[in-house]
Amino acid sequence: MKKKEVNLIFFQGILSELEQCDQELVNNAISSLKDAYAPYSGFQVGASILLENGKIINGSNQENVAYPSGLCAERVAIFYASSNYPNIKIIKMAISVQAVDFNINDVISPCGACRQVMAEYEENQNYPVQIILHSPNNDILIVDRVQDLLPFMFKSPHLKKH
Ligand SMILES: [Zn+2]
């Protein structure tokens, strides 16, 4: 039996330390917070994607009284991107959060289902998607690829490589 190791490299800082274009992407995610439909959780999430063609796609979480029918901001944004801009590479995604009636003191990273979805698009496009996480107090955490958030992602044995 061999012992193996997965290394996680990430960057921590604050919003003002980011390059201007990355700050703009985060600001898009922050702007998207107001469009979240989250009357049940009071937890609002905004996700903004930068595509290879320079287009920015914004998403926010959309809840429903039938709880499982809602969708996280990350998947709203990435499904929109893939539907409207198929075969255009996703370069990075910024994710911001805020809560109506409780404090969030740290960045929030994507749920497991979103990680799986994001990881599959990353794998299909054969190009890493940088993830920029932003907290309400402007803390930033960055990973350079989705795979870092989901080692051993689920892969279909039937999926043909693009
Ligand atoms: Zn999610």
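Student: Which residues of α3 are buried, and what makes them count as buried?

Tutor: In this predicted model, Cys-114, Val-117, Met-118, Ala-119 and Glu-122 are the buried ones in α3.

Student: How do you know what length to expect for α3?

Tutor: Take 1.5 Å times one less than the number of residues. α3 (residues 112-125) has 14 residues, and its span from first to last C-alpha is 20 Å, close to the expected 20 Å.

Student: What makes a set of residues a nonpolar core, and how many residues has the largest one here?

Tutor: The members must be buried, belong to the nonpolar types, and be joined through C-beta atoms within 7 Å. The largest such set has 32 residues, with Ile-49, Ala-77 and Met-93 making the most contacts inside it. Elements that each supply at least two of its residues include α1, α2 and α3, along with β2 and β4. In soluble globular proteins, nonpolar side chains tend to be buried together.

Student: What is Met-93 in contact with, beyond its neighbours within four places in sequence?

Tutor: Its partners are Ala-47, Ser-48, Ile-49, Glu-74, Ala-77, Val-129 and Ile-131. Each of those pairs has C-beta atoms within 7 Å, which is what contact means here.

Student: Why are β1 and β3 called edge strands?

Tutor: The open sheet has six strands in the order β1-β6-β5-β4-β2-β3, with mixed pairing. β1 (11-14) and β3 (56-60) each pair on one side only, and that's what makes them edges.

Student: How do you know that β1 pairs with β6?

Tutor: Pairing takes at least two bridges between the strands. β1 and β6 are joined by four bridges, so they qualify, and they run antiparallel. Phe-11 sits opposite Ile-142 of β6.

Student: Where does α2 pack?

Tutor: On the sheet, where α2 touches β2, β3 and β4, and its direction makes about 140 degrees with that of β3. As for α1, that helix lies across β2, β3, β4 and β5, at about 140 degrees to β2.

Notes
Residues are numbered from 1 along each chain as its sequence is written. This is a predicted model: local features need pLDDT of at least 70, side-chain atom pairs count only at pLDDT 80 or more; totals for chains, interfaces and linings use all residues. A residue is buried if 20 or more other C-beta atoms lie within 10 Å of its own, exposed if 12 or fewer, and partly exposed in between; C-beta atoms are placed from the backbone. Two residues are in contact if their C-beta atoms, placed from the backbone, lie within 7 Å. Axes are lines fitted to C-alpha atoms, for helices over the stretch in contact, and angles run from 0 to 180 degrees between N-to-C directions.
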